[in-house]
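The following paragraphs lead the reader through one structure, step by step. Please keep the sequence and the 3D view at hand while reading.

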Amino acid sequence: MTDAYIYDALRTPRGKGKPDGTLHQVPAVRLSALVLNELARRNQLEGHAVEDVIWGNVTQVGEQGACLARAAVLYSDLDERIPGVSINRFCASGLEAVNMAANQIRGGAGEAFIAGGVESMSRVPMGSDGGAIAADPFLAMKSYFVPQGISADIIATTFGFSREDADALAVESQRRAKVATEEGRFKSQIPVTDINGLPILEHDEMIRETSAETLAALNPSFKQMGEVMPGFDQVALMKYPELERVEHIHHAGNSSGIADGAAAVLVGSKAFGERHGLKPRARVVATSRVGTDPTIMLTGPVPATERVLAAAGMQFSDIDLFEVNEAFASVVLRFLTHFNADTAKVNVNGGAIAMGHPLGATGAIILSTLLDEMERTDRETGLATLCIGSGMGAATIIERV
Amino acid sequence: MADFTLKTGTDGVAVITWDCPGKSMNVMSFEGLAELDACIDEVLSDDSIKGAVITSGKDSFAGGMDLNILASLRDAIEGDPAKGVFEGVMRMHGILRKIERAGMDAKSHKGGKPIVAALPGTAMGIGYELPLACHRIFAAETKAKIGLPEIMVGLFPGAGGTTRLVRKLGAMAAAPYLLEGKTLAPAKAKAAGLVDEVVAPGELLAKAKDWVLNASDADLLKPWDAKGYKMPGGAPYTPAGFPTFMGAAVMVHGKTKGVYPAARALLSAVYEGALVSFDEALKIEARWFTKIVLDPTSGAMIRSLFLNKGALEKGAVRPEGVEDQRVRKVGVLGAGMMGAGIALVSAMAGIEVVLIDARQEAADKGKAYAESYMDKGISRGKATAQKKEATLALITATTDYAALEGCDLVIEAVFEDPGVKAEVTAKAEVVLGEDAIFATNTSTLPISDLAKASARPGQFIGIHFFSPVEKMNLVEIIRGRETGDRAVAKALDYVRQIRKTPIVVNDARFFYANRCILPYINEGIRMVGEGVAPWMVEHSAELLGFPVGPLQLTDEVSIDLGVKIAKATKAAMGEAYPDADVDDVVFWLADQGRMGRKAGAGFYAYDDKGKRQGIWPGLVEKFPLAEDQPELVQVQHRLMMAQVLEAVRALEEGVLTDIREGDVGAILGWGFAPWSGGPFSWLDMIGAGKAVEICDRLEAAHGPRFAAPKLLREMAEAGERFYTRFDPARAA
């Protein structure tokens with residue numbers, strides 16, 4: 001089996017994913033082309049240098065529709081002989097793109113790929129692509145569909161995480177992100193510039209100083225839809241009759257922010273690197289993807305981690321650093337308590353609660369963050385994992401070479 | 001004689017009259033459909049006919065599909081029932097679609113003949129689906145009901161009503177009529193968009209014909225057949241429609257607890273149909289409808305809630321050969337909550353009432369209850385001042401037993417004490433005529449014992465009402481050891497007069513309904529004592545389709561009543577009393593002063609306004625949650641079997657003599673999972689073999705109260721079903 005290596009990884013800063021966000025003026029296709037161009041420039045990729053561009057993107061309608069991956073290639077300076085494929089594994093799309101690239105290399109179907117993803121949530125709102133899972137009565141009832149926020153609250157209720165636990169995690173995420181930004185730890189980050197080269201956004205713009213007291217004042221976001229209209233808690237309690245009720249602990253401050261952003265990773269074989277004179281930064285050790293209970297939905301990181309560890313023949317204790325996507329505080333709390341993990345090893349530079357979660361890009365973003373930190377602190381192994389809508393999970397283990 | 005006849009007038013308008021011979025209300029049969037089809041063909045093919053009015057020869061339009069046919073459809077078609085039902089439904093669509101398109105050109109939509117519906121009165125089920133396919137609906141200004149109540153018997157509108165109403169009103173606006181079976185009187189139906197015109201009854205036909213003669217091509221074209229049609233409120237994948245459909249699935253799921261397949265199928269037909277053309281949508285509707293017709297729950301619901309309920313109301317178990325026993329004047333002894341309710345429903349049925357209590361104030365208060373009830377009705381537009389006056393005029397509130405003179409029925413609803421009851425029985429009989437029947441409304445005391453106080457035990461009977469009387473539709477009639485046939489006929493005829501549903505059972509402790517519901521409640525409480533999460537008990541019951549869990553039910557009827565019944569039962573049973581572990585919980589709650597909802601404290605906590613909150617935390621402090629919690633299905637089997645086995649024992653012991661009564665009584669009496677059709681239907685659905693298996697497992701784990709009754713074991717071995725072994729039609 002051919003090993004797959006990560007040669008480079010970069011990302012844009014994350015902008016607030018609303019019309020008043022700084023990246024709102026930048027089309028998703030240009031945001032994509034920006035990271036593709038920079039990756040090609042830095043690594044001197046010329047001509048038909050990679051097999052494919054595998055591009056994570058969740059809301060594939062409007063300007064993100066019609067195979068945004070190919071559109072981004074054509075928008076960029078890449079050679080037109082490089083195709084593109086848009087993939088949607090919801091929140092893990094960016095990581096899934098890397099995993100698919102690595103696994104094709106390992107299987108001998110191409111020696112190099114650009115993998116990553118993009119999401120302009122300010123321009124193409126989440127959910128604007130519809131979806132049978134929520135609207136088709138047969139499926140919605142069969143799968144006990146509830147929105148992710150309700151699922152996050154079910155996790156908190158089931159495993160006994162309090163509002164205070166969740167808020168404390170959120171405060172810490174903000175603190176860590178601020179320190180990381182101030183110390184310039186995000187080496188993979190490149191500025192977003194306009195067509196004239198003028199800077200638009202240079203740093204993640206959603207980080208804010210907060211405190212447990214500030215967060216305590218926020219109203220829960222999913223209580224109304226859970227308890228009143230349309231009453232998702234009823235559905236949740238039908239599936240989990242052992243719960244007395246659903247405790248609604250999540251709010252805007254302890255959930256991931258809606259964001260715009262893009263990220264790209266150059267994955268290739270050893271031979272590819274040698275031919276292009278590139279030095280690998282890390283090896284992809286193992287990948288995993290799992291399906292889980294779709295109602296509680298966001299518990300995937302635990303089985304995905306167990307599965308990727310098994311695939312790698314490793315123990316949890318073998319991993320030096322973790323990135324667990326902060327979709328909601330309870331997702332990370334679940335991971336921490338299940339593995340009894342050391343919080344000093346998990347999301348050490350903050351996460352999506354502080355910096356935002358541009359759906360299709362986040363998987364690749366956290367992988368770059370993980371790699372940056374492994375290099376900065378000279379650690380060997382890292383694991384990135386995300387929970388995924390409709391009850392899935394994905395994970396990747398990398399090691400420095 | 002035909003159901004449909006066509007007659008064309010000199011104006012060239014054909015009048016198609018629906019008039020099923022020998023029936024008080026039209027119902028649609030296969031034969032009727034074929035006749036209608038032939039009429040439509042004649043209208044469309046005869047050049048001298050300009051258009052048609054479809055109306056009725058009765059004061060109503062139609063009550064719906066003949067459910068007897070529908071119920072038998074599944075069994076009648078050999079080989080491939082799904083194919084048979086689907087093709088049958090598609091033929092029906094073909095006929096209605098022919099009316100809707102009326103010969104117009106497929107592209108230009110021109111050249112069709114106007115066909116309108118003229119509804120003289122009630123139009124339900126296919127009686128409204130047929131008009132929906134017409135080009136205009138005229139309704140006479142009456143108090144008739146218009147709508148699609150199919151969902152109430154486990155079906156949904158399957159003759160295009162679902163597809164047409166959603167396309168007419170939008171999914172959200174159509175929901176109350178499709179999902180709840182809501183019906184409206186003509187004026188309100190017009191406001192809601194269900195009918196087009198409401199006219200004076202005398203002008204119905206003239207106005208309808210007038211419209212036919214003046215209709216243009218454009219008037220005939222249905223919006224959904226016109227180019228650029230958009231569904232009101234939005235199709236599923238539009239910004240407005242998406243949340244509607246997402247919310248609908250959640251609400252239907254939450255409300256039906258997953259046990260009513262018809263509601264789910266309806267919603268799927270609506271959703272899938274909304275995404276395709278009208279003709280494709282009809283096919284989709286037919287596919288889901290077929291699935292529901294073939295679903296055992298719809299068959300069971302139709303059988304119990306429509307056919308058998310109707311049969312019992314029409315006197316299916318009335319003793320033969322006894323002349324009409326209709327009540328003219330009823331005496332009610334005791335003007336408490338039950339007595340007042342009995343007086344009210346009797347007076348509303350036009351029966352003269354003498355309401356007696358020991359004190360005049362109490363008697364007056366009983367009558368005042370009727371007054372406030374009628375006032376509420378007036379404020380809600382459901383009653384009139386005249387009706388109130390007439391009702392109250394029929395009630396005489398007094399302390400004087402002499403006023404009972406002339407009563408042909410007396411019902412006592414005094415304190416549940418044999419001594420008190422004996423006293424009022426004797427006092428009444430002194431005044432009563434020789435033929436009068438004396439009934440007791442006891443819920444706990446054996447009828448045969450109470451009958452000892454009567455000088456004529458053959459005319460003594462139990463008529464057990466459920467509380468609140470005006471809301472609960474079941475009446476349990478109890479035959480004492482010496483009760484005669486005329487007394488039973490009297491009770492049945494009276495129940496028919498007050499428009500409730502009777503069951504007749506023999507005399508045994510707690511009769512039928514309470515006999516079954518008490519073990520259900522006790523099993524729930526027992527589990528709390530064992531450390532099963534109280535909310536798990538409640539949720540398990542809800543997921544079986546019970547309206548409330550056993551703990552909430554106990555709170556509603558009050559903890560002290562539970563204590564009282566337990567003490568009385570214990571006294572009567574002595575050593576054999578099996579519910580000491582239940583009493584540990586109930587007596588403790590009573591000691592804490594938590595008497596249930598009325599006290600604002602029970603198994604549940606209540607807020608200052610009396611609104612129920614969660615389970616009272618003190619309950620799980622006293623009875624801590626066990627380490628190992630049972631699976632949902634284990635809890636459900638216990639709750640279900642506790643009452644179902646009691647029903648089987650009641651049948652085995654001869655307390656019940658007709659399984660129809662056991663099923664209908666269970667649903668109406670204590671809300672037994674309506675989707676199942678009742679305890680016997682449920683047992684037939686899972687099979688006696690499976691039931692015995694469950695019993696054996698439960699008996700091993702929880703004791704002899706779950707031992708399979710001999711009858712059930714026998715049936716399991718023989719592979720029998722209740723509705724074949726005890727076939728009421730065969731027995732009759």
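Begin inside chain A, at Val267(A). Apart from neighbours within four places in sequence, this residue is in contact with Ala4(A), Ile6(A), Val98(A), Ala101(A), Ala102(A), Ile105(A), Ala112(A), Phe113(A) and Ala115(A). It should be kept in mind that the model is a predicted one. Val267(A) and Ala115(A) are also among the residues with the most contacts inside the largest nonpolar core, together with Ala364(A), Leu266(B) and Val410(B). That core has 380 residues. Its greatest contribution, eleven residues, comes from helix H26 of chain B, which covers residues 632–652.

Of the 401 residues in chain A, 60% count as buried. Among the contacts in chain A between residues at least 6 apart in sequence, 83% join residues at least 24 apart.

Two places in the backbone of chain A deserve attention. In general, most residues other than glycine have a negative phi, and most peptide bonds are trans. The bond from Met229(A) to Pro230(A) is cis, with omega near -5 degrees. Pro230(A) is placed in the loop between helix H9 (223–227) and helix H10 (232–239) of chain A. Asn347(A), although not a glycine, has a positive phi of about 50 degrees. This residue is found in the loop that lies between helix H13 (329–339) and helix H14 (352–355) of chain A. Is Asn347(A) buried or exposed? Asn347(A) counts as buried because it has 28 C-beta neighbours inside 10 Å, and 20 or more are required.

Chain B is divided into domain 1 (4–230), domain 2 (329–507) and domain 3 (508–732). The C-alpha centres of domain 1 and domain 2 of chain B lie 44 Å apart. An unreviewed UniProt entry annotates residues 511–606 and 637–720 of chain B as "domain: 3-hydroxyacyl-CoA dehydrogenase C-terminal". Residues 511–606 of chain B are 66% helix and 3% strand, while residues 637–720 of chain B are 71% helix and 0% strand.

Chain B has backbone features of its own. Ala102(B), in the loop between helix H3 (81–101) and strand S6 (115–119) of chain B, has a positive phi of about 50 degrees although it is not a glycine. Ala102(B) is buried, with 22 other C-beta atoms within 10 Å. A cis peptide bond joins Ser467(B) and Pro468(B), with omega about -10 degrees. Pro468(B) has its place in the loop between strand S17 (460–465) and strand S18 (474–479) of chain B. Pro704(B), in the loop between helix H29 (688–702) and helix H30 (710–718) of chain B, is exposed, with 7 other C-beta atoms within 10 Å.

Finally, turn to the place where the chains meet. How many residues does each chain bring to the contact? Chain B brings 28 residues and chain A brings 20 residues. On the side of chain B that touches chain A, helix H10 (241–256), helix H11 (261–274), helix H21 (534–543) and strand S21 (612–615) of chain B each supply at least two residues. H10(B) gives the most to this side, with ten residues. The residues of this side of chain B divide into 17 nonpolar, nine polar and two charged.

Note on methods:
Residues are numbered from 1 along each chain as its sequence is written. Chains are lettered from A and ligands numbered from 1 in the order in which they are written. This is a predicted model: local features need pLDDT of at least 70, side-chain atom pairs count only at pLDDT 80 or more; totals for chains, interfaces and linings use all residues. Two residues are in contact if their C-beta atoms, placed from the backbone, lie within 7 Å. Helices (H or I, at least four residues) and strands (E, at least two) are DSSP runs, numbered from the N terminus. Ala, Val, Leu, Ile, Met, Phe, Trp, Tyr, Cys and Pro count as nonpolar, Asp, Glu, Lys and Arg as charged, and the others, Gly among them, as polar. A residue is buried if 20 or more other C-beta atoms lie within 10 Å of its own, exposed if 12 or fewer, and partly exposed in between; C-beta atoms are placed from the backbone. UniProt positions are given in the numbering used here, feature names are shortened, and annotations may be inferred rather than shown by experiment. Domain bounds come from an automatic or database domain assignment. A nonpolar core is a set of buried Ala, Val, Leu, Ile, Met, Phe, Trp, Tyr and Cys residues joined through C-beta atoms within 7 Å.
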